[in-house]
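Look over the sequence and the fold below.

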Amino acid sequence: MEPFISFQCEKERCKAGDLLKGNDISTNLMLEGFRRGLFQRGGQILKRNDYLYQGECLDILLEDEQNDYEPVDLGLKVLYEDPDFLAIDKPPGLCMHSYRHRVNLTEGISFLFHERRLKRKIRFVNRLDMDTSGIVLIAKHPYGQHAIEKRGMKRAYRAVVVGHLKPKSGLLKQRFAQDPSSHQYILSDKGKEAITDYRTMDSSKAASLLEIELKTGRTHQIRAAMAAIGHPIFGDSLYGGADSKMTRQALHASHLAFYSLREERLVEVFSELPEDMEKLWANLR
């Protein structure tokens, strides 16, 4: 195994465990890494309380992992890639995971990993509904996945909704719980908090084009939030927005931002509005 990433001790001396903790390595990953001998200094296996001295590096090694998904070339567009993350542009109609024996995104990512000779599990950092298009971020290893979970990331969407929102921009604080009879997420005092920031970018006689940023990550959050205030997403039959002009919900993950794992650099990924949403908005204007 080759060193995957290294952390340098910048103090006069520091314990291996403290150096890892200071670089956002979770306790579980740390304990497992020490147990498996994956933290080393110049090829020497380190224990948690071993000291490193100023200028010395702690190397993290990655073991090969088993990926049981069949690689399928789906022609996925890669929007961003570095040693830790891969971002792709998911087309609408594609499930994240296996569903009723359909080809799914996991198989497409398995193909990209196979091309790159990456023997890794597939770790989705964010998820999209089957008929939502746009950016999906995949971590190439558990350290990347944990770093995003701890540091957070910006997730912005474009949506075409029914009607005009008043005010044109705002912050929605709602609580949703799943209705077992309809599979919708509905307003409920006993539900989980959902915070949604929206801004009207453009409007037509009967619709609005919104930019929406998630402050929380609840299932169906944007779809449920818009429906709850009387402005369902065009084409969203589950939440009252069914329309002959659109065969799926007009919702697209357009912008994602997070900090690089290896340096203090903000990574921003963008995805253009897909053709079906462009046509919808042109017809509505």
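## Nonpolar cores

The largest nonpolar core holds 46 residues, and those with the most contacts inside it are L105, I109, V160 and M226. A nonpolar core here is a set of buried Ala, Val, Leu, Ile, Met, Phe, Trp, Tyr and Cys residues joined through side-chain atoms within 4.5 Å. Buried means under 20% relative accessible area, exposed over 50%, and partly exposed in between (1.4 Å probe, protein chains only). V160 touches A207, S208, L209, I233, F234, A250, M277, L280, W281 and L284, not counting residues up to four places away in sequence. Such a contact means heavy atoms within 4.5 Å.

Another core lies apart from the largest one. This other core has 34 residues, among them I5, V125, I148 and V267. In soluble globular proteins, nonpolar side chains tend to be buried together.

## Basis of the model

This is a predicted model, in which local features need pLDDT of at least 70 and side-chain atom pairs count only at pLDDT 80 or more, while totals for chains, interfaces and linings use all residues. Residues are numbered from 1 along each chain as its sequence is written, and side-chain values use heavy atoms, with hydrogens and water left out.

## Helix α5

Helix α5 spans residues 221-228 and is mostly covered, with six of its eight residues buried. Helices (H or I, at least four residues) and strands (E, at least two) are DSSP runs, numbered from the N terminus. The buried residues of α5 are Q221, I222, R223, A224, A225 and M226. M226 is also among the residues with the most contacts inside the largest core.

Which strands do the buried residues of α5 pack against? They pack against β11 (154-162), β12 (169-178), β13 (185-187), β14 (192-203), β15 (207-214) and β16 (251-259). After α5 comes G230, with a positive phi near 85°.

## Aromatic rings

The count comes to three aromatic pairs. Rings of Phe, Tyr and Trp (its six-membered ring) pair if their centres lie within 6.5 Å; planes under 30 degrees apart count as stacked, over 60 as edge-to-face and the rest as tilted. Y80 and F258 have ring centres 6.2 Å apart and planes at 80°, so this pair is edge-to-face. The pair links distant parts of the chain: Y80 is in strand β7 (residues 77-81) and F258 in strand β16, 178 residues apart. Y80 counts as buried at 16% relative accessibility, and F258 counts as buried at 1%.

F85 and F258 also form an edge-to-face pair, 5.1 Å centre to centre with 65° between the planes. F85 is in strand β8 (residues 85-90), 173 residues from F258. F85 is buried, with a relative accessible area of 1%. Y80, F85 and F258 form one aromatic cluster.

## A cavity

There is one cavity of 30 Å³ or more. On a 1 Å grid over the protein atoms alone, a cavity is a set of points where a 1.4 Å probe fits but cannot get out; lining residues have an atom within 4 Å of a point. Grid points are joined across faces, edges and corners, and a volume is the space filled by probe spheres set on the points. The largest cavity has about 40 Å³ of space. Its lining is N126, I135, R155, A156, Y157, A253, H255 and L256. The elements giving two or more residues to this lining are β11 and β16.

## F4 in strand β1

F4 sits in strand β1 (residues 3-8). Is F4 buried or exposed? F4 counts as buried, at 15% relative accessibility. The C-alpha atoms of F4 and D59 are separated by 7.1 Å, although the two residues are 55 apart along the chain.

Note on methods: On a 1 Å grid over the protein atoms alone, a cavity is a set of points where a 1.4 Å probe fits but cannot get out, and a pocket is an open set with protein on both sides within 12 Å along at least five of seven lines; lining residues have an atom within 4 Å of a point.
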